[in-house]
Amino acid sequence: MYRIDFNKLRFLICDDNPHMRRILRTLLHSFGAREAYEAEDGATALEMYSHYVPDIVITDWSMPIFDGLELAQMIRQPESKGNPYAPIIMLTGHSEKRRVTVARDAGVTEFLAKPISAKGLYQRILNVVANPRPFIKTKTYFGPDRRRNTNNAYIGPERRIGGEVEVMQQPSLLDKARSSV
């Protein structure tokens with residue numbers, strides 16, 4: 001087992017609710033993080049994302065200017081400024097299966113329903129750091145592999161469409177964040 005040194009990770013928090021941003025910042029600080037940048041809307045978050053190049057983005061779904069879903073889609077553009085491989089954790093008060101699927105299809109790495117808990121947030125961060133999923137690039141999608149369990153021999157109705165598939169290993173945050181303890 002190993003410990004994650006949160007002090008080595010850079011976070012971007014994007015939520016239009018200042019109380020939620022404060023809760024997230026407080027939780028991240030309690031985990032040991034020191035670099036947590038905050039944005040109140042998607043446009044500001046995208047600008048900060050390009051400038052600070054965070055390791056992990058935590059964004060609310062519903063925000064002004066453009067929402068967390070649009071932010072995820074812009075981050076996942078391979079030609080965008082910053083790191084298109086950065087894990088994105090989506091927060092929302094609406095966790096219906098349809099919304100989870102839409103977020104997944106936009107390139108969101110993890111999904112966390114509100115109200116959040118320290119344990120839930122920690123688990124999502126630990127998952128994106130310790131178990132990065134490979135990235136998939138097709139004609140219609142670029143982002144983390146939407147399948148958590150892969151079977152190359154699968155030929156059923158949920159088979160990947162979109163032609164040729166390029167699989168890229170995501171740069172791991174584990175080496176950066178591993179604690180020497």
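Q: Which residues is Asp60 in contact with, leaving aside its neighbours within four places in sequence?
A: Asp60 is in contact with Cys14, Asp15, Asp16, Gly68, Met90, Leu91, Thr92 and Lys114 once those neighbours are set aside, where contact means heavy atoms within 4.5 Å. This is a predicted model, in which local features need pLDDT of at least 70 and side-chain atom pairs count only at pLDDT 80 or more, while totals for chains, interfaces and linings use all residues. Residues are numbered from 1 along each chain as its sequence is written, and side-chain values use heavy atoms, with hydrogens and water left out.

Q: And is Asp60 buried or exposed?
A: Asp60 is buried, because its relative accessible area is 6%; buried means under 20%, exposed over 50% and partly exposed in between, using a 1.4 Å probe and protein chains only.

Q: Where is Asp60 found?
A: Asp60 is found in strand E3; strands (E, at least two residues) and helices (H or I, at least four) are DSSP runs numbered from the N terminus.

Q: What feature does UniProt place at Asp60?
A: An unreviewed UniProt entry places "modified residue: 4-aspartylphosphate" at Asp60, although such annotations may be inferred rather than shown by experiment, and their positions follow the numbering used here, with shortened feature names.

Q: Switching to Asp67, where does that one lie?
A: Asp67 lies in the loop between strand E3 (56–60) and helix H3 (68–75).

Q: New topic: how many aromatic pairs does the structure hold?
A: The structure holds eight, where rings of Phe, Tyr and Trp (its six-membered ring) pair if their centres lie within 6.5 Å, with planes under 30 degrees apart counting as stacked, over 60 as edge-to-face and the rest as tilted. In one of them, Phe31 and Tyr122 have ring centres 5.2 Å apart and planes at 75°, so the pair is edge-to-face.

Q: Which parts does the pair of Phe31 and Tyr122 tie together?
A: Phe31 lies in helix H1 (residues 18–31) and Tyr122 in helix H5 (residues 118–130), so the pair ties together parts that are 91 residues apart in sequence. Ring pairs also link Phe6, Phe11, Phe31 and Tyr122 into a cluster.
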